Amino acid sequence: MDRQIKLIGFVSFLLFISCSFYFPGREVVADEVSPESLVGDGKVDDTAAIEKLIKENGGAIRFRRGVYRLTRTIEIDMAKVGWTSLSGDGVAQFCMEGPGPAFRFVGTHRGTANPGTVQPNVWENERTPMVDAIEIIGAHPDASGIEADGTMQLTLTRVVVRKAKDAIRLVNRNRNTTLSECHLYENHGVGVFLDHVNLHQINICNCHISYNAGGGVVAKGSEIRNLQITGCDIEGNMGDSDASPTANVWLDSTDSSVGEVAIVGCTIQHTHDAPGSANVRINGLSNPRDFTDERRTGNITIADNILSDVQTNLDLSHVRGITITGNTLWKGYTANVVAKHCGQVVFNGNLYDRNPRYHYGDGASAKLGVILEHCDDVTIASEHFGGATKQEADLTLRNCDGANITGCTFAAIDRVGIGLESTTFAQVTSCLFTAQNQQATQVRFSGKKDCEYRNNRFRVVEPKQTNER
């Protein structure tokens, strides 16, 4: 038995040596390689020392505890330095005192996410740049956190960016990007800025993205596909009362195209004090395609989120193909949902409430309500309107066509449950209506219509019996 154990141990040793030969690796501890020049005391400029460290050593670079001053961008040219990762174990802080990003990763990937389009040099030198457990502090009005251009499989984990302009900025072309467990907090630009980037496959998960004045996750001028925002807390990315309108999640297809998006399992909230604020704002009016006249992009799922305390919780325009399901929405001061010029829309199992426990401040003045205008082919099923709105109707369809409203509950109507204004080819079936006064009504038709109303139930319950609905 002892001889067998010794033989196994010897074979394991040979395998280890063999793997080390074929798969060489290295980890560089920053101040061990360059102790005479890398200081990290928050006073000495460490820019040149870090540039030299990356250029001459590359590989896995681990920074010890300290504050590292940067006065210009550290550019990591993947084609020149090879596979590179930066790590700080949560105790390395980089104070960016110059304009631009603290770190910029530059690659040469110009293909898609299809493996057949990835050039050999990308796999051999550039794939999967990583940054883990560092903090970046902006100390210049135009200082940002991390920027990436031409990367394949950029992975950012446990990164903190504060008091900068844009925390994370992706430009030109990137593929297969992952952000996880990051804290992007109190920046005066955008938390995650998809800025005129061609990007397919990006996962943003388990992140805290809050108090970024220019928006939380923002896409402008970009071709985006396969964007997943999952399990994040995204709050207060609005700026002050004088700021331009923005949103916690803002996807704008103007002169571009954003589609194939999942926003799932997040808390997305605050703040209604900012003008035009929205939790999720999507403009799907995209650039033309030569094989169709359809300009609306989409294929979007918004599911199982908590949404509150903005002017409009969901602000949608020109989106085709969107499923909104299982969300809890309240305190939409202008409305809970506004959708215009959208098509192939499904609302299912969402809750719109007005809980009196949230009437502190001016909470009771939120208008709530769901408003659809010029939308076609809409299914609204198993929706629950739990609190009285300050709109003309809890649910308004205006100049819409092809609306199927079924199995919904309107629990506290004080005006109108459903308002169908110049809406054609619609039906309201198997809904339950509870009014708070004798003047309230379940459905109001106006303008031209081809609407059917059947198998619904209606009652009046005086306000004193509604438990402050």
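Strand β8, which spans residues 130-138, contains Ala-133. In this predicted model, Ala-133 has a phi near 60°, a positive value in a residue other than glycine. Most residues other than glycine have a negative phi, and most peptide bonds are trans. Ala-133 counts as buried because its relative accessible area is 4%, and the limit for that class is under 20%.

A second residue with a positive phi is Asn-399, where the angle is about 55° although the residue is not a glycine. Asn-399 belongs to a loop, the one between β33 (393-398) and β34 (401-406). With a relative accessibility of 35%, Asn-399 is classed as partly exposed.

The backbone also holds a cis peptide bond, which runs from His-270 to Thr-271 and has an omega near 10°. Thr-271 is located in the loop between β22 (267-269) and β23 (278-283).

The aromatic side chains come next. Across the whole structure, a search finds 10 aromatic pairs. One of them joins Phe-63 and Tyr-68 in an edge-to-face arrangement, with 5.4 Å from centre to centre and 65° between the planes. Tyr-68 also pairs with Phe-94: the ring centres are 5.3 Å apart and the planes meet at 25°, so this pair is stacked. The cut-off behind that label is an angle under 30 degrees. Tyr-68 is part of strand β4 (residues 66-70) and Phe-94 is part of strand β6 (residues 84-96), so their pairing ties together parts that lie 26 residues apart in sequence.

Arg-127 lies over the face of Trp-83, at 4.0 Å from the ring centre.

Ala-48 sits in helix α3, which covers residues 47-56, and is partly exposed at 47% relative accessibility. Its C-alpha atom is separated by 60 Å from that of Asp-377, a residue 329 positions away along the chain.

Key:
Residues are numbered from 1 along each chain as its sequence is written. This is a predicted model: local features need pLDDT of at least 70, side-chain atom pairs count only at pLDDT 80 or more; totals for chains, interfaces and linings use all residues. Side-chain values use heavy atoms; hydrogens and water are left out. Helices (H or I, at least four residues) and strands (E, at least two) are DSSP runs, numbered from the N terminus. Buried means under 20% relative accessible area, exposed over 50%, partly exposed in between (1.4 Å probe, protein chains only). Rings of Phe, Tyr and Trp (its six-membered ring) pair if their centres lie within 6.5 Å; planes under 30 degrees apart count as stacked, over 60 as edge-to-face and the rest as tilted. A charge sits over a ring if NZ of Lys or CZ of Arg is within 6 Å of the ring centre and within 35 degrees of the ring normal.
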